[in-house]
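I am starting a notebook on this structure. The entries below record what I looked up, in the order in which I looked.

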Amino acid sequence: MQRSSAHDIRERLAVRRDPQTRVREEAMFFGPGSVKMFGYLRIPEGAVLGAVVVCPPIHEDFMRVYRKQVLLARALAARGLAVLGFHYRGTGNSEGEVRDLTYDGMLDDTRSAIRWLADRMGVGPGLVGIRWGGLMAAAAAKDSDAPMALWEPTIDPDLYFREATRANTVWHVQEGLGGPSGMSFEEELREHGSVDLLGYPVYLGLYETAGGHRLADELGDRPRPLLLVQMTRNERLRDRYATLSRGLEDKGFSVDGHVLEGEESWWFTGVRWEPEEGRTGTHELVSVTTDWVVHRVAERRP
Amino acid sequence: MSETDLPRASEIPVFFPADGETLFGIFTTPADEAVGTAVIVLPGGSTPLTTDRNRISVRLCRRVASQGYHAMRLDYHGAGESTGSLGWLQLDRPFADDVQGAVRWIERQGVSSTVLVGSCFGARTALSAAAETAGIRGVVLVSVPVRDHAMGARASNDAALEWSLWTYLKRTLNLRVIRGLFDRRHRHVYRKYARAKLRKVSARLRRRDHHGSADTPDGLGLASPHFLTPLASLVERGVPLLLVFGTSEGHRKEFDRAMAGRLGEIVQRAGRSIEVELLPGRVHGFRSSFLQDAVIDVISDWLGRLDAQTSSAEDRAARPVAGAASTE
């Protein structure tokens, strides 16, 4: 009987084959240097039309979207794309420590993942960036014309940390654990070296190195196709995304915006938990993104 | 203690079969001499992944590996990279099959003894699986719910137990709640609270509280039989258990309340084989990195004592019995 999964302890690689979709799945530790990233690759057994790297979010967002991300990767692979998901060093299952996380380190990891997949598949990959991963995707592909799908991308790290701090304060007040300390997030960071945001310590290194890296700048000036997905109950693109879209279109980017029902508060997992596959919003999110990415990646084929 | 202070363990990704699905996990092997036992870490229902919140499962696995334990963390079926699909999580239907799959895979690697560590839904899964599994050296239950409720229903069930009908009326008759009746999501929450109270009232009317027992099978009693039965079984077998709660969390209050019933009898019978550790604040949900570290320290210390107890028991077993005749 043919084994459908195998493990190579030396290579720190596990392989399985999905008999329904005929996709080979590889879970591994990879990357240059001694501190390895965790990665998960899906390769169709038939004709491979292209490749995609999925740049993940961090902190609570990582937990919140993980299954959506997996469903997307499966859908893309079923349509003929090789898909690599990875965890930045110091996050997820990767080696390294969260205290050493910096913007530049995460960008290095993203570039390593892109290079690794390009070498493996012989083609430059398209990108999907989710929340903070949107910044990483944009920065890593700044000088390329790779198509890019962004789910609720972080527009500005300062805004990201402000929203996180607000959620932290709300939770503490709701739980009767006291109100704000009276110090700003930055003041607390500089005083203590780290601040705990709902169970996730944020260190000064990440905050300082991320400052000033806005999504509009990281996307650069080289036009490319871009899908911008907003996941809230609003009917129109939020002002920040509408402004971003207009600015990119002025630079010659082709921007498709999509609004669908999704997360309202990214920092509160489990309050109204429901199985991911059962959510209407998830089906639409995966379907819209898959159709767009497959179409755009296929367009680039020589 | 940071990971860089620990001896470097080796981790490999693994796939293993469990009840018709293929589950994903990460297996950690100790850097130094192995004690021959694997710790399987089972996450809570709202964070059903190998990592759990802020990588607490990752950090725990690497810490126990520094003590000589193998470790496994996994994605439940239907979660993370595992196949299958997750339905609504219910505490009386934990994922014992997922654990059995992990245990069988670990046994094939030559490690036949296991410690199960779980939080919340993971704790109920650990308890249920341990009762059905041979070779369990110990079980750690972090913020274990002693009653049954579906994911997201604990608050409504607590209210059904604690609020009188007059309290329900007072809370309902205000403008905010009335406005909420026009919102689909709020109506869903109000229905949950109303149903929970109706179940409690109808159970009381049917006089299901037999023989003055504080534990009722209606899901709103003090402790579920799905908690008490496996716990009693482990106590009978002499399996050491560590329970960890936050001092101000709901699950700790539930536990204390349930001690008035059959749970109290079980704990008394267990004697020193059940330890209860209280940490300040709310452990459930791991919303504090300080408490995450404290939980890891508590578990690590307990495992150290567990290993020492077993080693001295093995030493005692190996020593010749005084007065026995030589067979040579």
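Before the first entry I set down how I sort residues by accessibility: buried means under 20% relative accessible area, exposed means over 50%, and partly exposed lies in between, with a 1.4 Å probe and protein chains only. This is a predicted model, in which local features need pLDDT of at least 70 and side-chain atom pairs count only at pLDDT 80 or more, while totals for chains, interfaces and linings use all residues. Residues are numbered from 1 along each chain as its sequence is written, chains are lettered from A and ligands numbered from 1 in the order in which they are written, and side-chain values use heavy atoms, with hydrogens and water left out.

**Entry: a salt bridge in chain B**

I looked up B:Glu275 and found it in a salt bridge with B:Arg305, with 2.6 Å between the closest N and O atoms. I use the term for a side-chain nitrogen of Lys or Arg within 4 Å of a carboxyl oxygen of Asp or Glu. The two residues are 30 apart and link distant parts of the chain: B:Glu275 lies in strand 8 (residues 274–279) of chain B and B:Arg305 in helix 11 of chain B. Helices (H or I, at least four residues) and strands (E, at least two) are DSSP runs, numbered from the N terminus. I list B:Glu275 as partly exposed because its relative accessible area is 24%. B:Arg305 is also noted as partly exposed, since its value is 38%.

**Entry: two further salt bridges**

I counted next, and the structure holds 31 salt bridges over all chains. One of them joins A:Arg79 and A:Asp291 at 2.9 Å between the closest N and O atoms. This pair spans 212 residues, from the loop between helix 1 and strand 6 (81–87) of chain A to helix 9 (residues 280–299) of chain A. A:Arg79 counts as partly exposed because its relative accessibility is 39%. A:Asp291 is partly exposed too, at 40%.

In chain B, the side chains of B:Asp293 and B:Arg59 meet in a salt bridge of 2.7 Å, N to O. B:Asp293 is in helix 11 (residues 289–318) of chain B and B:Arg59 in helix 1 (residues 56–66) of chain B, 234 residues apart.

**Entry: where chain A meets chain B**

I turned to the interface, where 52 residues of chain A are in contact (heavy atoms within 4.5 Å) with 48 residues of chain B. The buried area, which is the accessible area (1.4 Å probe) that two parts lose on being put together, summed over both, is about 4,000 Å² here, and carbon and sulfur atoms give 52% of it. The rule finds three salt bridges across this interface. One I looked up joins B:Glu81 and A:Arg42 at 3.0 Å, N to O. Helix 1 of chain A gives the most to the side of chain A that touches chain B, with seven residues.

A:Arg42 and B:Glu81 also belong to a network of salt bridges that includes A:Arg16 and A:Glu25.

I followed A:Arg16 and found it opposite A:Glu25 in strand 3 of chain A. Strands 2 and 3 of chain A run antiparallel and are joined by six bridges; two strands pair if DSSP finds at least two bridges between them. Their hairpin has four residues between the strands, and A:Arg22 there takes a positive phi near 55°.

A:Glu26 has A:Leu41 as its bridge partner in strand 4 of chain A. The hairpin of these two strands has six residues between them, and A:Gly31 in the turn has a positive phi of about 115°. Strand 3 of chain A is mostly covered, with seven of its eight residues buried.

**Entry: a loop residue in chain A**

Last I looked up A:Val123, which is in the loop between helix 2 (103–121) and strand 7 (126–130) of chain A. It is partly exposed at 34% relative accessibility. A:Val123 and A:Gly50 are 73 residues apart in sequence and 6.9 Å apart in space, C-alpha to C-alpha.
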